[in-house]
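Work through the two exercises below with the sequence and the structure at hand, and try each task before reading its solution.

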Amino acid sequence: MYNENETQYAEELIVTHAPLVKRIAHHLMARLPESVQVDDLIQAGMIGLLEAAGKFESGHGATFETYAGIRIRGSMMDEVRKGDWVPRSVHRNARRIAEAIRKVEVRTGGDASDEDVAAELEMTLDEYFTCLKDSNAGKLFSLDELAENTEGSGHEFESSAVNDRPSEAVSVHAFKHALAGEIEGLPEREKLVLSLYYEEEMNLKEIGLILDVSESRVSQIHSQATMRLKSRMHEWVE
């Protein structure tokens, strides 16, 4: 009877939270290339939801929606990585951008502007924005990746797993603390875009309406923010 009740509870969780899978899939699609199909993301996300429903334990301080969201995003990103569609040039350009941002900020002691970074790279602004867009689509560094790496396995909800790896738990905590500090130090507009996108889960169009800019400009700001974070966190990322 106990197992039967557990199974019924898991099935209810899946039915109730199926719309969450679609919402996350469409949210991620805003930063992925056209070659990625939303149906593939949804299928992968449903697998993550099934796993979450089977492994979730209440009483650990997190709601099922929070736990499932982490699992769903992790499954979707695994699916994207399987495609192996990111050219080496994209990785190379992303490293160049991060390094250029770091050089400008070390030299000036302030936030590197789009114009500063483009000049450092000897690119036009349009060329720089194109590189930013490609790097963002390649998911070379994003807060989604951070969530997956630190929480996607569900370890924060499985105390025995954390206890078995105390050094890993300390490292994850230190990384997240350092990242939070760097996010706080971002230019206000970049910080706002990250907050609206990741915390409020708004899409690019909705953020654009708030900032009174185009969707493409929001994408550029998001990309610039993640590249700036990669530059400032280079010792951790590398």
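A salt bridge is a side-chain nitrogen of Lys or Arg within 4 Å of a carboxyl oxygen of Asp or Glu. The model is a predicted one, in which local features need pLDDT of at least 70 and side-chain atom pairs count only at pLDDT 80 or more, while totals for chains, interfaces and linings use all residues. Residues are numbered from 1 along each chain as its sequence is written, and side-chain values use heavy atoms, with hydrogens and water left out.

**Exercise 1.** Determine which parts of the chain are linked by the salt bridge between Asp111 and Arg232, and classify Asp111 and Arg232 as buried or exposed or in between.

Solution. The closest N and O atoms of Asp111 and Arg232 are 2.6 Å apart, and the two form a salt bridge. Asp111 lies in the loop between H4 and helix H5 (114-120), whereas Arg232 belongs to helix H12, so that the pair, 121 residues apart, links distant parts of the chain, where helices are DSSP runs (H or I, at least four residues) numbered from the N terminus. For accessibility, buried means under 20% relative accessible area, exposed over 50%, and partly exposed in between, with a 1.4 Å probe and protein chains only. Asp111 has 39% relative accessibility and therefore counts as partly exposed, and Arg232, with 22%, is partly exposed.

**Exercise 2.** Describe the salt bridge between Glu105 and Arg228.

Solution. The closest N and O atoms of this pair are 2.6 Å apart. Glu105 sits in helix H4 (residues 88-108) and Arg228 in helix H12, 123 residues apart. Both Glu105 and Arg228 are buried.

Definitions and conventions
Helices (H or I, at least four residues) and strands (E, at least two) are DSSP runs, numbered from the N terminus.
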